[in-house]
Amino acid sequence: MSESNIINPENLVYDKTSVMTDRVLHYCPGCGHGTAHRMLAEAIDDLGIQGDTIGVAPVGCSVLAYYYFDVDMQQAAHGRAPAVATGIKRTMPEKYVFTYQGDGDLAAIGTAETIHACNRGENILIVFINNGIYGMTGGQMAPTTLEGMKSSTSPRGRDIQSMGNPLKITELVAQLPGTYYVTRHSVQKPANARKAKRALKKALEYQKENKGTCLVEIVANCPSGWKMTPAQSNQWMEENMFPFYPLGDIKVPSE
Amino acid sequence: MKELRLMKGNEALAEAAIRAGADAYFGYPITPQSEVIEYLMRENPADRTGMQVLQAESEVAAINMVYGAAGCGKKAMTSSSSPGISLKMEGISYIAGAELPCVVVNVVRAGPGLGTIQPSQSDYFQAVKGGGHGDYKMIVLAPATVQESVDYVRLGFELAFKYRNPVMILSDGIIGQMMEKVELFEQHPRSTEEPEWATVGKKPGKDSVIVTSLQLQSEEQEKVNLKLQAKYREMEKNEVRYETHQCEDAEYLFVAFGSCARITRKAMEMARKKGIKAGLIRPQTLYPFPVKAIHKLAKQVKGIMTVEMNAGQMVEDVRLAARGEAPVEFFGRFGGMIPSPDEIFNAFEQKMIGG
C-alpha cells in the first residue's frame, strides 16, 4: 500500500484544524499553551464561526497568539483585554469575542478590567491560562503563585505574610451575577484536553445566546518558569496546583 | 437649515459626537467634563443612531474600549480631564502604535496631581510632545469657542480616519463649562464601511487581520517607526490650522491658543487703541504647529509675546518657530487662574515695550 493510499480522508483519525495557522509556535517545549490554543481553535472550527470570531491577545507568553489563531485578532495592553473585548463586542454584537489571558495579565494588572467586564456580564469568553508564574518576563511571582512556590521574585518561596495569598480569581468572578458559566480545566492529558474543549465550545454557544460572561480557566504547566522537565512539570501541577485550583465546574447555568 | 442652539461646551461636544456619526463613546466621570457622558446617557443615542455609550470602570478601561472599537473600524470617542487623561496615555500610545483612529477629548484642569477643577492649559506638553511612551504624535485641535468644540469633533473623526491616528481635542474648563450660541451640523449617518485593516471577522480566502503595536525584531520596529514618522510629516504638511488677527501691519505679535486666545485678543485690541501695532496668531492645531507662519511673522515684528494658562509650555515651540528672528516673551497665569486682558496688556507693555 502506497503512502497516498493511506493518506485519504476516510483513513484520517485526526486533522489539524484550519483555525490554527501553520506557523511554528514560539512556546517552550512541553508548555500547555499549544494544546490550549488547539482546543479553542477546534471549538471555533466545530461551531463553524471562524469568520465571525474576533480574539484579543494579552501581554505575556501568549502575546503572539494572533499568529496562531487564524481569526481576526487585536493585541491588548497588559491586563486590558476584557476592556478591549468590551469595545469590540459592544460595537460588533453579532461577533464571537474571546480574550486569551495569563494569570499576571488577568489576575494582577487587569483585575479591575476582569471583574468589571464579568460584573457587566459582557457577552464574551475569557480564556484564563493559570500557570502560577510570569513566563514571558522570566519566571517572576504571579498572583496565582502557590504558597511556598519558588520564583525569581520569591526565591525562598512565596511567603504569605509578606507577599500575600494566591488569588482564586475564578471563584471570585463566579460570585458575580454577570458571569454565566465559570469552569476550570487542564490540558496535560488527552482526556483533560477534550473536556477543556467541550467547555470552550459550550461557552461560545452561550455567547450566541447572549447569556453573559463565560470564563474558562485552564490550569497549565510552565516547565521553563518552574525549572522542570515537561513531564516533571505536569506531575508537579497535578500534585500541587490541582489541590489548590481543583478542576471542574464552578458556576453552571441553573436552567 | 441652520440649527442654532444655546449650549454648554461639554454638551455641545457630546451632541456633535452623535451627529458626526460616532459608533461608540466610552467614558468615566471627572470634573469639569462629566456633562459629556451625562448628556449622552440622557440623549440615549442608541435610539437615534445606534451609537453605543458605556460608563467604564476607569479611564484606563475606557480608552481600551475605544481601542477595541476602533480596531473594528468604528468611530469611537472618549473624553476626560487632566488626571484622567494621564491614565489614558498608555492606551493612546497603543492606539498610535497600532495606527487606529479615535477622538480623545481633554477638558483641561490645572495640575499637577489632583490639582484643581478650574480651567488650565497645563497639559500642552502632554498633548503635543507625546504624553505616552514611544515616538508618536497625535493631531491636537484646540477649540476657542463652543462652536469650534462642535466642529472639531467632526473634523477630528475625519482626520483620525484619514491618517489612522488618534486625534485629541484640547479644550479646557472654560470652554467645557460655558454656554454659547452654536450652529449644529446635520446628522451624519453612521458608516457601514468595513476598512481592510479592521478586525470584523476573517473573510474566506483572505488573511486574518491583526491589530497590534508589537514588533519583536528591532529592524521591523524601526520600519514601523519610519512609517509613522512619514505619516507625521504628511500631517505637518497638510493639517496646520491657525487664525490671525491684524497681523498684516503688526510690529508686535501675540501667540495664544484656546480660551486664552480670546482674552489675549482683548489685550491686543487694547494695544491697538494705544497706537501700538499688535497682532495675534491663534494656533488651532497645536500639533502640527504653525511653524512657518510664526517664523514668517517673527521676521516682520519687533517682539513676540506668548500668553498661556500654564507656566510656559507652547512658548518653547514659539521660540523654536521664531528661530531667533524676534525676542519671545511669556506671560501666564496658572493653577486654575485666568488672566485678565488688563494684566496681559500690562505684562506686554512691561516686557515688550519697556514701559
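Into which domains is chain B divided? Please take me through them, strand by strand where you can.

Modeller: This is a predicted model, in which local features need pLDDT of at least 70 and side-chain atom pairs count only at pLDDT 80 or more, while totals for chains, interfaces and linings use all residues. Residues are numbered from 1 along each chain as its sequence is written, and chains are lettered from A and ligands numbered from 1 in the order in which they are written.

Chain B has domain 1 (3–199 + 226–238) and domain 2 (243–353); these bounds come from an automatic or database domain assignment. Their C-alpha centres lie 27 Å apart. In the contact between them, domain 1 of chain B provides 25 residues and domain 2 of chain B provides 22 residues (in contact means C-beta atoms, placed from the backbone, within 7 Å). On the side of domain 1 of chain B that touches domain 2 of chain B, at least two residues each come from helix 6, strand 6 (139–141), strand 7, helix 8 (173–177) and helix 9 (218–238) of chain B. Helix 6 of chain B gives the largest share, 4 residues. By type, that side has 17 nonpolar, 5 polar and 3 charged residues. Here Ala, Val, Leu, Ile, Met, Phe, Trp, Tyr, Cys and Pro count as nonpolar, Asp, Glu, Lys and Arg as charged, and the others, Gly among them, as polar. Helices (H or I, at least four residues) and strands (E, at least two) are DSSP runs, numbered from the N terminus.

Now take strand 5 of chain B, residues 102–108. Of its 7 residues, 7 are buried, so strand 5 of chain B is largely enclosed by the rest of the structure. Buried means 20 or more other C-beta atoms within 10 Å of the residue's own, exposed means 12 or fewer, and partly exposed is in between; C-beta atoms are placed from the backbone. In a regular strand, side chains alternate between the two faces of the sheet. Here, Cys102(B), Val104(B), Asn106(B) and Val108(B) point one way, and Val103(B), Val105(B) and Val107(B) point the other way.

Which strands pair with strand 5 of chain B? Strand 4 of chain B (residues 76–80) does, in the parallel sense, over 4 bridges. Two strands pair if DSSP finds at least two bridges between them. Ser79(B) has Val105(B) as its bridge partner. Strand 7 of chain B (residues 166–172) also runs parallel to strand 5 of chain B, joined by 7 bridges. There, Val104(B) has Met168(B) as its bridge partner.

Helix 5 of chain B (residues 82–97) belongs to this picture too: with strand 4 and strand 5 of chain B, it makes a right-handed β-α-β unit. Right-handed means that, with the strands pointing away from the viewer, the path from the first strand over the helix to the second runs clockwise. In the loop between helix 5 and strand 5 of chain B sits Glu99(B). Its phi is positive, near 55°, and Glu99(B) is not a glycine. Most residues other than glycine have a negative phi, and most peptide bonds are trans. Glu99(B) has 19 C-beta neighbours inside 10 Å, so it counts as partly exposed.

Pro112(B) lies in the loop between strand 5 and helix 6 of chain B. The peptide bond from Gly111(B) to Pro112(B) is cis, with omega near 0°.

Now for domain 2. Helix 12 of chain B (residues 314–322) has Met314(B), Val315(B), Asp317(B), Val318(B), Ala321(B) and Ala322(B) buried. These residues cover an arc of only 160° around the axis, so they are on the same side of helix 12 of chain B. The arc is that of the directions from the helix axis to the C-beta atoms. An α-helix has 3.6 residues a turn, so residues three or four places apart point the same way. Among the elements covering the buried residues of helix 12 of chain B are helix 6 (124–128), helix 11 (291–300) and strand 14 (303–308) of chain B. After helix 12 of chain B comes Arg323(B), with a positive phi near 45°.

Pro288(B) is in the loop between strand 13 (285–287) and helix 11 of chain B.

Note on methods:
Two residues are in contact if their C-beta atoms, placed from the backbone, lie within 7 Å.
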